[in-house]
Amino acid sequence: MISQVFILSSKGDHLIYKDFRGGAGNDIVSIFYEKVTALTGDQPPVVMNHKDIYFVHIRQGGLYWVATTTAGSSPFTITEFLNRLAALVKDYCGSLSEKSVQMNFALIYELLDEIVDYGYIQTTSSDVLKNFIQTEAVTSRPFSLFDLSNVGLFGAETQQSKVAPSSAATRPIQSSREQGGKSEIFVDVIERMTVVIGSNVSNISVRRTVTPEKLKNEMRIGLNEEFSIGKSQLRGYGAAVRVDECSFHQAVRLDEFDSHRILRLCPSQGEQTVMQYQLSDDLPSALPFRLFPTIERDNGGRLLMYMKLRCDLPPKRSPLTFVCLLSLSQELSSPDQSAELKPQSRAVVWKIARFAGGTQLSALFKLEVPSLSSASMLEVGPVGLSFELPKITATGLQIRFLRLSPIQPGPSQRWVRYVTHSDSYTIRI
């Protein structure tokens with residue numbers, strides 16, 4: 001049972017506040033923010049208490065999503081509810097940010113009225129809610145197919161001259177009152193790399209924005225024909241794409257998966273994860289980055305860190321964003337780099353705006369460290385890399401085709417994006 005739900009900005013500003021049972025005072029929001037900001041470290045506990053009130057919260061989109069409850073309620077249920085609430089807000093508003101919540105507060109309050117009744121969760125299904133939600137989403141700027149803010153997207157089975165939207169997640173789902181319009185299907189293949197000797201966790205997310213009368217059309221997603229799960233399923237002589245584990249959404253039909261590697265489903269409005277897969281051993285291709293560190297102490301007692309970073313991707317592929325966290329004076333190899341010393345985390349942040357494949361960059365950092373000794377030099381590191389690689393998957397998984405059945409009379413646009421993110425890419429020095 002939920003007593004209150006509120007959404008706060010990272011600075012503690014009240015964006016949404018809903019009291020379902022009236023059991024707590026109005027100062028409960030301030031109490032939560034004081035408790036969460038008073039904690040040391042970057043990961044505060046999900047559940048905290050104040051007297052007989054329990055706070056359950058998550059962080060998404062830079063916001064605090066908080067629910068209060070009393071003893072006896074399941075924290076796992078409330079955590080799942082908050083995650084689902086954030087997903088609904090993203091579906092209906094198009095994005096998760098302080099600005100989108102402020103612009104769509106009336107829509108969010110309407111969602112809360114429908115999904116929670118006197119503290120009891122009713123439904124979090126987009127298919128059910130679309131029949132009741134009447135408020136239209138407000139976006140910060142109109143949607144345009146000519147938005148080039150995020151390159152690296154391309155159309156699947158569409159004309160090459162068209163430019164795909166920057167992300168499916170930036171477009172709100174349509175309400176039940178909207179009629180007409182064209183069908184659009186968005187497929188994101190997002191792989192997140194966890195490397196301290198190679199692990200890769202990935203998922204395929206499908207977001208489909210269509211008019212209600214077209215929701216019954218079936219979508220067929222064709223994967224690599226040589227896609228195998230586990231070493232025992234390796235077959236053929238081609239370049240096989242192998243994963244260790246794979247799970248599917250309950251709406252996916254797998255009757256053609258074993259024979260033709262085809263996924264069949266009738267997706268609802270909004271975003272849903274169709275497939276999740278994991279590869280825990282060596283990747284089929286080389287890791288994208290290699291670091292060559294040199295650490296020594298100069299005659300003046302300063303710590304010298306020389307970092308040479310090489311991108312082993314083909315020259316035409318490059319990450320759009322890259323941040324290297326190293327655990328000042330500085331000498332950088334190109335003017336589009338920057339570095340910042342953060343004393344609180346005892347780290348140097350090396351930022352590279354753009355890093356082309358097949359190139360290397362270097363940086364020399366000179367730090368004044370009190371009482372620097374040979375033993376303390378062994379404590380330097382590790383190096384953490386944060387990056388985004390467009391148009392590439394580390395496993396080699398590709399979308400072979402994307403079709404609707406039956407074929408729609410009007411044109412339907414299908415967009416596919418491949419992105420590899422760094423989830424935890426750590427290099428020991």
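**Entry 1: overall make-up**

I began by counting elements, and I find seven helices and 26 strands in the protein; I take both as DSSP runs numbered from the N terminus, a helix being H or I over at least four residues and a strand being E over at least two. The model is a predicted one, in which local features need pLDDT of at least 70 and side-chain atom pairs count only at pLDDT 80 or more, while totals for chains, interfaces and linings use all residues. I number residues from 1 along each chain as its sequence is written, and my side-chain values use heavy atoms, with hydrogens and water left out.

I then looked up burial: of the 429 residues in the protein, 46% are buried, where buried means under 20% relative accessible area, exposed means over 50%, and partly exposed lies in between, with a 1.4 Å probe and protein chains only. The accessible surface comes to about 21,500 Å², and carbon and sulfur atoms account for 50% of that surface; such areas come from the Shrake-Rupley method with a 1.4 Å probe, and for residues only the protein chains shown count as cover.

**Entry 2: the nonpolar cores**

Which residues touch the most other members of the largest nonpolar core? I note F289, M305, L309, W350, F365, L385 and Y425, out of 31 residues in that core. Two or more residues each are given to this core by β9 (183–195), β17 (289–297), β18 (303–311), β22 (347–352), β23 (360–367), β24 (383–390) and β26 (412–427), and the largest share, five residues, is from β18. There is also a second, separate core of 30 residues, which includes V56, V89, I115 and I133. For my records, a nonpolar core is a set of buried Ala, Val, Leu, Ile, Met, Phe, Trp, Tyr and Cys residues joined through side-chain atoms within 4.5 Å. In soluble globular proteins, nonpolar side chains tend to be buried together.

**Entry 3: the open sheet with β11**

I next traced a three-stranded open sheet, which has the order β15-β11-β25 and antiparallel pairing. The edge strands are β15 (262–265) and β25 (399–405), each of which pairs on one side only. On average, neighbouring strands of this sheet are turned by 15 degrees against each other, direction ignored; the axes are lines fitted to C-alpha atoms, for helices over the stretch in contact, and angles run from 0 to 180 degrees between N-to-C directions. Strand β11 (residues 218–223) pairs with β15 over four antiparallel bridges, and the bridge partner of M219 in β15 is L265.

**Entry 4: salt bridges**

How many salt bridges does the structure hold? I find ten, a salt bridge being a side-chain nitrogen of Lys or Arg within 4 Å of a carboxyl oxygen of Asp or Glu. One of them joins the side chains of E218 and R264 at 2.9 Å, N to O, and this pair links distant parts of the chain, with E218 in strand β11 and R264 in strand β15, 46 residues apart. E218 and R264 are both buried.

R264 also meets E256 in a salt bridge at 3.8 Å, N to O, and E256 is buried, as is R264. Salt bridges that share partners join E218, R220, R253, D255, E256 and R264 into one network.

I also noted R400, whose salt bridge with E225 has its closest N and O atoms 3.5 Å apart; R400 is partly exposed because its relative accessible area is 35%.

**Entry 5: positive phi and a surface patch**

Most residues other than glycine have a negative phi, and most peptide bonds are trans. K51 is not a glycine, yet it has a positive phi of about 60 degrees; K51 lies in the loop between β3 (47–50) and β4 (53–60) and counts as exposed because its relative accessibility is 71%.

Y118, again not a glycine, has a positive phi of about 55 degrees and sits in the loop between β6 (116–117) and β7 (120–121). Is Y118 buried or partly exposed? With 46% relative accessibility, Y118 counts as partly exposed.

Y118 also belongs to a nonpolar surface patch with M1 and Y120, together about 310 Å² of accessible area. Patches are made of residues with over 30% relative accessible area and no salt bridge, like charges being joined within 9 Å and nonpolar side chains (Val, Leu, Ile, Met, Phe, Trp, Tyr) within 5 Å. M1 is placed in the segment before β1 (4–8) and is partly exposed at 33% relative accessibility.

Note on methods. Two strands pair if DSSP finds at least two bridges between them.
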